Amino acid sequence: MACLTSGNCRTITYAKSTGLCQLFVDIPSQYGSLVAQTGYVTLTVIDARRLSPPLFPVHGVTVAGHSDGTSGNTNNALTNPWGLAITTNNLLYVSDLGNYRIMKMKIGNLTGSVAAGTTGVSGSTATTFSYQTEIAVDAASNIYIADTNNCRVMLWRNNSSSGVVVGGNGTCGSSAMLIAHSVGLAVDSQGNIYVAETDNHRVTKWAVNATSGVVIAGITGVSGSDSQHLYSPYGLYLDESHSYLYIADYYNYRIQRYRIDIPSNGTTVAGGNGYGSASNQLNQPYDVCVSKKTGDIYIADKANHRIQRWSVGATSAITIVGTTGVSGTNATQLNGPSNVILDMNETFLYVSDIDNHRVQQYQLP
């Protein structure tokens, strides 16, 4: 075995014979160990397998909007897309925030159609929105929309030309009948609606046809960082089979998990170490989704321009998409990701690349 011996050498070369070397200290490897001795290097327990190349960040494919990051209002363009939802037949719904509409796209076709709203027109009527953020689509292809600035949740039934209010009443407030700037949204199989109210620092549950909501996480009007409080909750993910609700706790830089069947304190399952860009930190987490197969948590870490994956019980994450702290438009970069979802088979991850005006698809390894 031989290696380079110059003082600034950072490279080794492997051979089957053994030679003099002065570079090595103990270097553990899953394939064996390099053990330093005086003037010699002894190679032990190693085989001919090759190390795999790094898996992350994965390369993305643009499935909605323009890949070069330009905005627009035609049916093949987006402006600041936020919420995402996908159906079993590969229909992708996109909350096209800057164009005040919900777009419906068939995966593989970059030209979509308007499923709700009026392109370029904001408002508070039955056909308009004002800053619509997260969305949910049920098994019947009905669309639920967090109409944030109108302080309401809208339901557009499949193929309808207008919506109806199913949460709040269009007036912002903190009573049980009102919503204050909803961002996060989830809907269960029974049609119950879960709303993250950023200004009220709470998450409310609205039963079908209810005229008021019930607080299931946070304390109305009171922000905080302990297990009872939230501080401007954003994205939601509902794990109905385990009765868990995951909350992107925006200004606490963490993901909280609550039991929805037994209202209680939240448990921090990611972040919670102050804002920052380290692997155990988040900076403006906008959204969260969870693998039904592995329990891995995927987080749209907006201000860090990355998607983080936290394994169950982990104390830090792996960056699977994006370059920490660096925005860009190439296939491995993001610019302020706002939403993250998995498809039904968990083959693909979809990300709203909000400041690149596009939606990216990533095949998971």
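Author: A salt bridge is counted where a side-chain nitrogen of Lys or Arg lies within 4 Å of a carboxyl oxygen of Asp or Glu. The model is predicted, so local features need pLDDT of at least 70 and side-chain atom pairs count only at pLDDT 80 or more, whereas totals for chains, interfaces and linings use all residues. Residues are numbered from 1 along each chain as its sequence is written, and side-chain values use heavy atoms, with hydrogens and water left out.

The whole structure holds eight salt bridges. In one of them, R101 meets D96 at 2.7 Å, N to O. A residue is called buried under 20% relative accessible area, exposed over 50%, and partly exposed in between, for a 1.4 Å probe and protein chains only. R101 counts as buried because its relative accessibility is 0%, and D96 is buried because its value is also 0%. Another salt bridge joins R259 to D261, with the closest N and O atoms 2.7 Å apart. Here R259 is partly exposed because its relative accessibility is 31%, and D261 is partly exposed because its value is 41%.

Strands are DSSP runs of E with at least two residues, numbered from the N terminus. The protein has 29 strands and zero helices. β15 covers residues 182–187, and six of its six residues are buried. For comparison, buried residues make up 51% of the 365 residues in the protein.

Two strands pair if DSSP finds at least two bridges between them. β15 pairs with β16, residues 193–197, in the antiparallel sense over five bridges. The two form a hairpin with five residues between them, and G191 in that turn has a positive phi of about 90 degrees. Within the pairing, S182 stands opposite E197 in β16. E197 also takes part in a salt bridge with R202, the closest N and O atoms being 3.0 Å apart. E197 is buried because its relative accessibility is 0%, and R202 is buried because its value is 2%.

Rolling a probe the size of a water molecule over the atoms shows where empty space is left. On a 1 Å grid over the protein atoms alone, a pocket is an open set of points where a 1.4 Å probe fits, with protein on both sides within 12 Å along at least five of seven lines; lining residues have an atom within 4 Å of a point. Grid points are joined across faces, edges and corners, and a volume is the space filled by probe spheres set on the points. The largest pocket contains about 1100 Å³ of space. Its lining has 40 residues, and V187 is among those nearest the centre, together with I86, V137, K292 and M344. β15 supplies at least two residues of this lining, as do β7, β11, β19, β23 and β27.

Definitions and conventions: Helix = DSSP H or I, 4+ residues; strand = E, 2+ residues; numbered from the N terminus.
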